[in-house]
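Work through the exercises below with the structure open. Each task is followed by a stepwise solution.

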Amino acid sequence: MSHRYFPHSQEDIASMLETCGVKTMDDLYADVPEQLKFKGTYNVPSEMSEHEVRKFFNALGRKNTTFDTILAGAGYYDHQAPAAIGSLISRSEFLTAYTPYQPEISQGTLQYIFEYQSMMTTLTGMEVSNASMYDGATATAEAIMMAVAAGRKKNRILISATVAPSVKSVVYTYAKYHGIIVDEIPATNNGTTSIPDLEQMLSSGDVAGVVVATPNFYGILEDYTGVADICHKAKSLLIMHCIAGDLASIKSPGEWGADITVGDAQSLGIPLSYGGPYLGFLCAKKSLMRKMPGRIVGATKDSEGRRTFVLTLQAREQHIRREKATSNICSNQGLMALYVTIYMSLLGAKGLRETTEAGIAGAHWLCNKLTATGKFTQTYPDSVYLNEFCLTATDATYIDNFMQQAETEGILAGVKLSDNNLLIAVTETASKESLEKLVEIGNNL
């Protein structure tokens, strides 16, 4: 049983060494200086049978802290997903590790990507979507490079202080190595983007794009009335970072006048999983289609008049244009795109709205009850929020005690932003009983 994990026998290795014209494995590394070679003993455990491996990982799993109720958000949310998805994504016409360049043998893959693109454009109010991306942060970084490419001689980007810190961090990293200048738009005391500061910063005339969020990192729905006009007047593109699951219930980026919409689609049913794999999306106006990274699948007809699907605009891909490609992203989170496509298909527009509305109702109930304890105040009381809100503790030691007590009841009570601030997200997975238990903890501490 143990040998099934080792792909090469001693005979295989000897045959390969002979083909390479050397006698030992050490001969393969003869050109590597001795001081660079590892001389110690590798910390590799002994072989195990399949049964032993399962026991080993189950024991590791039992060391994890598990929660019945997860109220942590900050960009990634605990949602229910229909059980049918697990079976449907494993069907042979869909599940493949093969990169779909040859349409004649990958119609299932190409079709679900096409359906994914269609659903994402409907959700975002945009005209075109690519075939998905690694995650929301890298999609945002790709969007700023799109804006710079479209702006030609402009290489400056403005990003709101209310965009998630993790997203901003990735944007800064990408920008640094692409010669792009990134400046941060200050936030107001209400936790929203300062529009007067935005206007002033745009007056320099060298801004290729502006990145804002809806909802923003604090769960706030910002009012972007007129912002697209302000950006376009300065010949800058408006980029909106979004939580995909919320878009069924709020004003879409397309309605705000955005040019590019990006974000993470994890909220469309993908289980929380230590940071991934999740799914990034990127949608844009049709005029920017040739600047988009990654793949786009189109529908057409074959020689017999049957509906078929093909990759389109491939000239921008790195396998043809190489260093002149729009982006080095050549693959995407295909399995995750399939997952959210089936999720959206099963729930439909009505189901997506009902899911969001359940979280909204729970969040507003919980926020009112927790602030009524006198232990918390709402950090941004004049702002509008959906299912996520920020609280400020009246005592700097209170949040740690609150979260520790909640943990004993199987509740992850939120994301601690500072000694005094706690970010809480409520989804449809949180029961009334668990929320009441959290309020009880707040009252008793």
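The model is predicted.

**Exercise 1.** Find where Glu 428 sits and determine what surrounds it.

*Solution.* 
Step 1: Glu 428 belongs to the loop that links β15 (421-425) and α14 (432-444).
Step 2: Look for a charge partner. Glu 428 is buried and has no salt bridge. A salt bridge needs the charged atoms within 4 Å. Arg 353, the nearest side chain of opposite charge, is 14 Å away.
Step 3: The Glu 428 side chain reaches the backbone nitrogen of Gln 80 at 2.7 Å.
Step 4: List the contacts, setting aside neighbours within four places in sequence. They are His 79, Gln 80, Thr 355, Ala 358 and Gly 359.

**Exercise 2.** Trace the open sheet of seven strands and explain why one side of β2 and of β4 is left without a neighbour.

*Solution.* 
Step 1: Write the strand order. It reads β2-β8-β7-β6-β5-β3-β4, with mixed pairing.
Step 2: Inspect the ends. β2 (128-129) and β4 (181-185) are edge strands with a single partner each, so one side of each has no neighbour in the sheet.
Step 3: β2 and β8 (residues 280-284) run antiparallel, joined by two bridges. Val 128 has Ala 284 of β8 as its bridge partner.

Conventions
Residues numbered from 1 in each chain as written. Predicted model: local features only at pLDDT ≥ 70, side-chain atom pairs only at ≥ 80, totals over all residues. Heavy atoms only, no water. Helix = DSSP H or I, 4+ residues; strand = E, 2+ residues; numbered from the N terminus. Buried < 20%, exposed > 50% of the residue type's maximum accessible area, 1.4 Å probe, protein only. Lys, Arg positive; Asp, Glu negative; His and termini not counted. Polar contact = N/O pair within 3.5 Å; in protein donor to acceptor, adjacent residues only side chain to side chain. Contact = heavy atoms within 4.5 Å. Pairing = 2+ DSSP bridges.
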